[in-house]
Amino acid sequence: MKAKKTLTVFIEDIELEVEGWYTPPERADYNYPGAPSEFEIISIYHQGIDITPLLEKIDTIEAIDEEINFKIMHNEPFCE
């Protein structure tokens, strides 16, 4: 049975509140191999702000690097 849970995790000293669906493990028996526990993320918050949309759009340093290089190549101004 799934249960909605909120967990606190630290990534590089940044505190994140992760909300999701937790499914506990299922016991194995003679006719069933069992199943491990699972956690499906719904939302991720930092300082009370939902940052899930940001993480869905930009999920790696490489993506950020590509965006910066695109701006440089097209002479777009930077925020200072």
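Strands here are DSSP runs of E at least two residues in length, numbered from the N terminus, and two strands count as paired if DSSP finds at least two bridges between them. This is a predicted model, where local features need pLDDT of at least 70, side-chain atom pairs count only at pLDDT 80 or more, and totals for chains, interfaces and linings use all residues. Residues are numbered from 1 along each chain as its sequence is written, and side-chain values use heavy atoms, with hydrogens and water left out.

**View A. The open sheet, strand by strand.** Four strands line up as β1-β2-β3-β4 in an open sheet, with antiparallel pairing. β1 and β4 (49-50) are the edge strands, each pairing on one side only. Strands of a sheet pair through backbone hydrogen bonds, either parallel or antiparallel.

View B. Pick out threonine 6 and you'll find its bridge partner in β2, glutamate 19. Lysine 5 stands opposite glycine 20 of β2. Two residues sit between the strands of this hairpin, and glutamate 12 takes a positive phi near 50°.

**View C. Across to β3.** β2 also pairs with β3 (residues 38-46), again antiparallel, over seven bridges. Tryptophan 21 has glutamate 40 as its bridge partner in β3.

**View D. Zooming in on tryptophan 21.** This residue belongs to strand β2. Tryptophan 21 counts as partly exposed because its relative accessibility is 36%, and partly exposed covers the range between buried (under 20% relative accessible area) and exposed (over 50%), using a 1.4 Å probe and protein chains only. Leaving aside neighbours within four places in sequence, tryptophan 21 is in contact with Lys2, Ala3, Lys4, Glu38, Phe39, Glu40 and Ile42, contact being heavy atoms within 4.5 Å. Its C-alpha is separated by 8.7 Å from that of threonine 6, 15 residues apart along the chain.
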